[in-house]
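Here is a friendly walk through the structure shown below. Keep it open beside you as you read.

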Protein chains: 2
Amino acid sequence: MNQNNELQAVLSHYQQLIESELSVMNWPSKPERLYQPLQYFMSLGGKRMRPVLCILAGELFGADVQKTMPAALALELFHNFTLLHDDIMDKAATRRGQPTVHQKWDENIAILSGDVLFVKAYSLLAMVDTSKLPVLMQVFNRLAREVCEGQQLDMDFQEKAHIQMDEYLEMIRLKTSVLLGGCMEMGALLAGASEKDCQLAYNFGEKLGLAFQIQDDVLDAYGDPEKFGKTVGGDILVNKHTFLRTQAENIADAQTLIALENAYAINEPKAKIEGVKAIFDSLGVVESANAKKQNYFEMALNDLAQVKAFNPKIREQLTSLAYYLIVRES
Amino acid sequence: MNQNNELQAVLSHYQQLIESELSVMNWPSKPERLYQPLQYFMSLGGKRMRPVLCILAGELFGADVQKTMPAALALELFHNFTLLHDDIMDKAATRRGQPTVHQKWDENIAILSGDVLFVKAYSLLAMVDTSKLPVLMQVFNRLAREVCEGQQLDMDFQEKAHIQMDEYLEMIRLKTSVLLGGCMEMGALLAGASEKDCQLAYNFGEKLGLAFQIQDDVLDAYGDPEKFGKTVGGDILVNKHTFLRTQAENIADAQTLIALENAYAINEPKAKIEGVKAIFDSLGVVESANAKKQNYFEMALNDLAQVKAFNPKIREQLTSLAYYLIVRES
């Protein structure tokens, strides 16, 4: 509990620092319809977990926050750029309880505001130590490419009846986990950590991301609606290929598979969610998900344990953060 | 004529070199629906004028083509990224006579393929001499931001009845001219040209771009349909705010302005084009456009004449190129 309070204080400290940097960010005032939408989007908040990871990774290997802040902000802006464009592609009406940019303005504005947000991410990245810029550009470009690939795989899934588990895991790795890994890696690189430590830092973030995404899939169907903050069963209603659905389809016998398909075909929302979850329960897919999540979680902690930390205190904080993100409820 | 043949040989040489680099570009094979669309788009061709300018600017100040090629390719990819996204925003059905990406695939594919093309542009940029990367990133990011601003201004214009001439000129400067300036500037920077020469090189490209865009507006309404390759009067049909329309609206008396508005309101295409052009003619806007174009053209050549060229032969070629681009017909 004490450790948790300390973690909250650390998170809150860095989150405030990041918010403060974001709030003084020098956006041009014109054209209004280009810059207002992205300032709106950036103001919707979020946990700012990516820049926090980048800053903590820097501190883990001895770089102070001034050294990592430009890259940390670049990562947060990049993340928001992907959300802004994903919202168009997914036809999402809201983001963090507020209208998405393409809803509040229009699709063209959302495309172009996203593009210029992406440019701004690179502008911030260009402010790191010049000696580190070439390698950071390589890492950042790799991440950006992989995140786009993950989004494409996710869209491809919408046109497929069934997904193999390895395809599913590769999709979430690219779409959400590599960026968390990259946040850690970039912080480590800026601190001048060894190649091995940079790789371990990356692995910690990536595995943590995989565990988090699987947990997110479970919470979407089984979470406490008040704590989770989204409609329970939303993924089921839109027939999303989640860990649960993929696992169910991969282990079900022919008869159960037909029953699952029938359940997904139900029109009435409540009955559909209940029907699908009944089959999930009969197949024990939540237990499989929790086991897989636990597995990634332990791999993440194991990688973190191996780094040659300049500041072991930060390793403890990253460990607490991992527990905070993953064991929150399941 | 001899000079023109020599220019053609130089252009053709560099165009082939660029096509060859583009054709061996290492695109991942998967996800197919991410990479096929952008390979398709890149294969639609074009004059590759931006990378040619970058390479020539490098040679003007003594950098060989190996030194400028990564940046030249980054600029060409960036240009294509903007076209890909602009085509979505403009709801364009064709590009260079072929279906646009959002037509051949869909909008989501076009958004995401564009995004990853933009990432690839930065990946190429990251391959320049590391000592030059920080300053090149600054220039490239500035250009990218300005091009987005120009596209937004152009979209804003669609919702306005009248445009002031200075607004119009600022829009085309941002949307098309700064990138041509930036191509020259980046070539000069890579060659280690002085700050003053980099600025002059930029100015040459920007002013040439302004002259070219005004010429393009004139040709759209008055060009030889066979040479121009587009439907004559296309801009008039979609009520586009061009130099001609803006100039007409800015100099017309109240009565002529009403006549112009009435002409733009005609439904029948042929009558609309003829009606609008009759008023353009009465106001002498083509002459104004040609005078303005000539003015920018001379500024461009004047800037080019001032650079301390390492290789004066290249200055001649850039001068020939400017004449080739601008005096082609009017």
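## A link within chain A

Which residue forms a salt bridge with A:Lys313? The partner is A:Glu6, with the closest N and O atoms 2.8 Å apart. A salt bridge here is a side-chain nitrogen of Lys or Arg within 4 Å of a carboxyl oxygen of Asp or Glu. Because A:Lys313 sits in helix H16 (residues 312-326) of chain A and A:Glu6 in helix H1 (residues 2-23) of chain A, the pair ties together parts that are 307 residues apart in sequence. Helices (H or I, at least four residues) and strands (E, at least two) are DSSP runs, numbered from the N terminus. Over all chains, the count comes to 35 salt bridges.

## How the model was made and read

This is a predicted model, in which local features need pLDDT of at least 70 and side-chain atom pairs count only at pLDDT 80 or more, while totals for chains, interfaces and linings use all residues. Residues are numbered from 1 along each chain as its sequence is written, chains are lettered from A and ligands numbered from 1 in the order in which they are written, and side-chain values use heavy atoms, with hydrogens and water left out.

The predictor gives the complex an ipTM of 0.95 and a pTM of 0.96. For chain A, the mean pLDDT (the predictor's confidence in each residue, from 0 to 100) is 95, and 98% of its residues reach 70 or more.

## Where the chains meet

The contact (heavy atoms within 4.5 Å) takes 37 residues from chain B and 37 residues from chain A. Between them, about 3300 Å² is buried, and carbon and sulfur atoms give 71% of that area. Buried area means the accessible area (1.4 Å probe) that two parts lose on being put together, summed over both. B:Leu112, B:Val119 and B:Gln152 supply 16% of what chain B buries against chain A, more than any other three residues.

Four salt bridges are counted between chain B and chain A. B:Glu159 forms a salt bridge with A:Arg33, where the closest N and O atoms are 3.5 Å apart. On the side of chain B that touches chain A, the elements giving two or more residues are helices H2 (32-42), H4 (65-89), H6 (107-125) and H7 (133-157) of chain B. H7(B) gives the largest share, 13 residues. By type, the residues on this side of chain B divide into 22 nonpolar (Ala, Val, Leu, Ile, Met, Phe, Trp, Tyr, Cys and Pro), eight charged (Asp, Glu, Lys and Arg) and seven polar (the others, Gly among them).

## How the copies are related

Chain B can be laid on chain A with an RMSD of 0.1 Å by a turn of 180° and a shift of 0.0 Å along the axis. That is the relation of a two-fold axis. The same surface serves both copies, as 100% of the contact residues of chain B recur in chain A. Copies are superposed by least squares on the C-alpha atoms of residues with pLDDT of at least 70 in both.

## Backbone details to look up

The peptide bond from A:Lys30 to A:Pro31 is cis, with omega near -5°. A:Pro31 lies in the loop between H1 and helix H2 (32-42) of chain A. In chain B, the bond from B:Lys30 to B:Pro31 is cis, with omega near -5°.

A:Arg48 has a phi near 55°, a positive value in a residue other than glycine. A:Arg48 lies in the loop between H2 and helix H3 (49-60) of chain A.
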